[in-house]
2 protein chains.
Amino acid sequence: MPFTKNTIYMKLYEQFKTMINENKYLEHDKLPSKRKLAASLKISPLTVQAAYEQLVAEGYVYAIEKSGYYVSKKVDVIQQITPKKKISFEESEKPFIYEYEFKTNIIDTNLFPSATWAKLTREVLAENHHETLNVIDPQGILKLREEITRYIEVYRGIHVDPNQIVMGSGGSQLMHIILDLLGRKQHYAIENPNYLKIYHIFKASEVKLSLISLDQSGLIVDQLSSSQANIVHVTPSHQFPTGVVMPIQRRNELLNWANQKEDRYIIEDDYDSEFRYQGSPIPALQSLDSNDKVIYINTFTKTLAPSFRMAYMVLPKKLLSKYQLLSTYQGCTVPNIEQWIMYRFMHGGFFERHINRMRNHYKKKLDIISEVISNYKDVFMIGEEAGLHFLLEIRRDIDEKVLIEQARQMKIEVTGIHHYNQLVNQKISNYPTLVIGYAGIPIEDIRFVMERLLSSMTIHLKDKQTGNT
Amino acid sequence: MPFTKNTIYMKLYEQFKTMINENKYLEHDKLPSKRKLAASLKISPLTVQAAYEQLVAEGYVYAIEKSGYYVSKKVDVIQQITPKKKISFEESEKPFIYEYEFKTNIIDTNLFPSATWAKLTREVLAENHHETLNVIDPQGILKLREEITRYIEVYRGIHVDPNQIVMGSGGSQLMHIILDLLGRKQHYAIENPNYLKIYHIFKASEVKLSLISLDQSGLIVDQLSSSQANIVHVTPSHQFPTGVVMPIQRRNELLNWANQKEDRYIIEDDYDSEFRYQGSPIPALQSLDSNDKVIYINTFTKTLAPSFRMAYMVLPKKLLSKYQLLSTYQGCTVPNIEQWIMYRFMHGGFFERHINRMRNHYKKKLDIISEVISNYKDVFMIGEEAGLHFLLEIRRDIDEKVLIEQARQMKIEVTGIHHYNQLVNQKISNYPTLVIGYAGIPIEDIRFVMERLLSSMTIHLKDKQTGNT
């Protein structure tokens with residue numbers, strides 16, 4: 001029942017509460033008898049009783065059987081340490097409205113398989129409710145973990161047992177489990193530049209953190225070795241934001257580093273690996289690891305949608321017993337219904353079809369972008385073989401921030417690589433370099449938007465084409 | 001593309017990889033020219049090129065334009081610190097199969113509104129995909145927070161701004177945010193007995209923790225005051241597991257305790273408050289707080305389903321700016337689709353109808369249970385006015401564990417209150433006391449199961465009825 005003040009019994013209850021609070025009734029004072037009060041108010045004694053019972057339930061009044069209702073021990077007036085001040089909410093600034101956003105944390109949602117998803121939802125809701133709604137496995141439902149095991153075996157070369165898979169609500173939430181598991185007294189390292197999010201997760205946990213520079217092959221293992229770090233977070237499939245794919249030598253160097261000490265671990269964030277536009281996928285770092293050194297993380301953020309909040313990790317076998325101890329009192333945070341839908345989505349082959357469709361779709365966008373860029377002077381694409389973003393290096397003597405502002409004037413949002421490098425003052429590129437997340441721009445607009453972006457930055461067409469401008 | 005080894009190019013790629021690994025090709029050795037190899041193998045030069053490009057992508061080989069493909073710097077053989085051992089998974093013990101489970105962490109899923117939920121899912125998936133799938137608000141979607149604000153105003157007497165609401169994937173996940181927010185260097189206190197989960201969350205965070213005893217009115221504030229704790233977690237609506245509803249005096253005492261020092265806070269876990277079977281709901285502790293001292297938590301675990309993993313908290317205004325700083329780099333963990341469905345479920349009035357339906361349904365079960373119990377000797381119900389469990393006190397000189405084992409022999413699962421009291425050796429009751437979570441037993445079975453439970457424990461019918469036994 002809501003707190004409706006319109007019923008007679010609630011009015012009566014409120015009146016007595018006020019009288020008690022205002023000391024019109026004192027401790028152990030008897031309330032009017034139910035029958036007498038009912039008669040005088042011309043209401044039912046049951047209504048009076050309901051009001052009295054509510055006062056009893058909340059502790060204002062106590063009842064003595066066959067005697068009546070009495071006021072309880074006086075309630076202290078709340079002591080205020082500071083006078084109650086009105087805290088008003090800050091009006092948030094009106095955000096600048098962009099027409100087009102080159103963002104790395106969104107995807108193309110136009111091809112999302114809504115009809116299939118709705119159909120699978122209906123099917124899941126028609127299943128045994130107890131299993132769908134009541135039963136929680138801390139690691140996530142087994143059938144989905146089995147599908148994921150098969151998927152990463154075929155597409156990422158990872159051979160594991162479903163018991164090593166742990167579902168979570170996104171990469172950050174899994175990182176929190178990993179921090180619980182490995183401990184906050186360890187010394188961690190991350191790539192620099194990297195997602196700012198990863199940096200802030202470690203910072204919020206107040207752990208020791210080293211930032212390791214990159215070269216053409218990704219994270220510099222020598223620098224990692226000279227740091228005191230024993231756990232490193234890397235993105236070997238498609239480094240964020242540089243787009244570097246870590247070659248096999250560097251992968252082995254990294255594994256060798258991990259193998260040198262018992263307590264060293266590698267956290268492999270394979271966030272973008274599904275979208276590789278040439279050749280076969282490159283096996284995950286985890287698949288090269290024979291010493292239980294790699295914790296592998298991936299999410300459905302890029303393949304399905306950022307708002308899905310579904311991710312998984314593969315734990316080394318030797319961490320499993322510690323994990324299971326930790327997880328006993330923590331349920332899985334991913335809703336069961338969503339997990340069962342995802343299971344059907346993978347099991348029915350919809351997921352593979354969806355990824356293939358999206359890969360082709362993104363490839364088409366990328367082809368248009370490459371074609372546009374090839375017509376312009378002084379601009380070069382870096383790291384476009386994989387993932388949903390690339391770097392646009394602009395070989396001109398101009399400040400990155402100026403270019404970003406020029407794009408903004410044309411209502412196009414774009415970031416520069418130095419945005420991800422606020423952490424230490426390290427030079428990533430000699431030239432201004434933009435981070436172009438192209439997934440969110442509709443395919444029918446991509447040519448026009450790329451042209452508008454390049455023109456906004458006063459980048460000129462190549463000479464052979466000047467006749468056309 | 002999967003790692004299929006059936007295509008010719010993948011076979012070729014695998015062969016070269018093996019030869020390089022086995023030193024049949026050394027550093028800077030040139031691979032056969034594409035055309036020659038293609039001719040000798042009678043395959044297309046494009047197939048050879050695909051294999052070579054894959055080797056390049058993975059770093060085994062490098063290409064020199066107009067010259068050919070060469071083997072990269074030798075890859076170190078992985079050093080193994082310990083010989084690779086086979087870690088086998090422990091076969092988990094076959095669990096004992098109960099026919100009926102009196103559990104406190106499940107609900108009655110038979111009345112779950114599947115058809116409505118499937119319909120709303122379809123509607124949500126037909127909406128603007130960008131907003132549904134791409135955009136993440138760290139606090140949860142505003143429209144849902146507005147619905148929750150209205151709901152807790154009407155049903156819990158809580159007057160707040162939607163900006164104070166934070167969505168999370170269950171109570172535990174919100175507790176982690178709270179720990180980040182208030183800090184792990186604070187001294188916390190919890191009720192004893194309590195959910196073991198809460199105890200373990202604090203323990204895993206390695207914070208200082210005091211266990212505070214209960215009396216008939218709930219948490220003993222004097223004991224809290226003499227502890228060094230400055231933050232306390234309480235369940236005033238329906239203490240778990242004792243079922244005590246904290247009366248107004250104790251609530252005010254607790255608020256006064258919090259008001260005495262700037263850094264004191266109360267975490268109010270309102271987990272069971274929707275199910276109160278008599279009178280109006282008792283206003284939340286939060287609604288009495290005028291000093292920004294209460295963090296209020298509630299979930300949809302009991303009202304919708306445990307596996308929904310959707311919860312919310314109300315933050316005091318003075319903690320908002322610190323929270324917003326923390327949340328910038330942490331997306332909301334609840335999937336957007338589920339949040340939009342929940343918004344429609346609340347906005348359309350389905351949620352209120354569902355709760356009312358469930359309340360009536362549980363009330364009916366409880367009435368049957370009360371009737372059964374009233375026929376038996378020496379057994380008394382405690383804390384049954386609210387929630388989905390009550391205590392069954394058995395006024396006989398017998399060990400709780402013996403009773404639980406007797407029930408187990410009849411394939412009925414039930415726990416005793418001392419299970420929740422493993423933490424310190426404190427006497428909760430003079431008699432064996434069972435914690436009866438009745439939500440999960442189907443209504444058509446409840447009479448029979450209660451009778452079987454009581455008989456299994458050799459509890460006898462009252463004398464006046466012996467004629468019937």
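**Exercise 1.** Which residue stands opposite A:Tyr62 in E2(A)?

*Solution.* This is a predicted model, so local features need pLDDT of at least 70, side-chain atom pairs count only at pLDDT 80 or more, and totals for chains, interfaces and linings use all residues. Residues are numbered from 1 along each chain as its sequence is written, chains are lettered from A and ligands numbered from 1 in the order in which they are written, and side-chain values use heavy atoms, with hydrogens and water left out.

Step 1. Locate the strands. Strand E1 of chain A covers residues 61-64, and strand E2 of chain A covers residues 68-71. Strands (E, at least two residues) and helices (H or I, at least four) are DSSP runs, numbered from the N terminus.
Step 2. Check the pairing. Two strands pair if DSSP finds at least two bridges between them. Here four bridges join E1(A) to E2(A), and the strands run antiparallel.
Step 3. Read off the partner. A:Tyr70 stands opposite A:Tyr62.
Step 4. Inspect the turn. Three residues lie between the strands of this hairpin, and A:Lys66 in the turn has a positive phi of about 60 degrees.

**Exercise 2.** Find the salt bridge of B:Glu123 and describe its setting.

*Solution.* Step 1. Apply the rule. A salt bridge is a side-chain nitrogen of Lys or Arg within 4 Å of a carboxyl oxygen of Asp or Glu. The count over all chains is 32.
Step 1. Name the partner. B:Glu123 meets B:Arg344 at 2.5 Å, N to O.
Step 2. B:Glu123 sits in helix H4 (residues 114-125) of chain B, and B:Arg344 in helix H13 (residues 336-347) of chain B; they are 221 residues apart.
Step 3. Classify exposure. Buried means under 20% relative accessible area, exposed over 50%, partly exposed in between (1.4 Å probe, protein chains only). B:Glu123, at 27%, is partly exposed. B:Arg344, at 23%, is partly exposed too.
Step 4. Turn to chain A. There, A:Lys119, A:Glu123, A:Glu127 and A:Arg344 are linked in a salt-bridge network.

**Exercise 3.** Is A:Lys302 buried or exposed?

*Solution.* Step 1. Locate the residue. A:Lys302 is in the loop between E11 (294-299) and E12 (311-314) of chain A.
Step 1. Read the accessibility. A:Lys302 counts as buried, at 11%.
Step 2. List neighbours. Beyond four places in sequence, A:Lys302 touches several residues, including A:Tyr271, A:Asp272 and A:Phe275. Its side chain reaches the backbone oxygen of A:Thr104 at 2.6 Å.

**Exercise 4.** Which rotation superposes chain B on chain A?

*Solution.* Step 1. Superpose by least squares on the C-alpha atoms of residues with pLDDT of at least 70 in both copies.
Step 1. The rotation is 180 degrees, with 0.0 Å of shift along its axis and an RMSD of 0.1 Å.
Step 2. Conclude. The two copies are therefore related as by a two-fold rotation axis.

Key. A polar contact is a pair of N or O atoms within 3.5 Å; within protein, one must be able to donate a hydrogen and the other to accept it, and residues adjacent in sequence count only if both atoms are side-chain atoms. Contact means heavy atoms within 4.5 Å.
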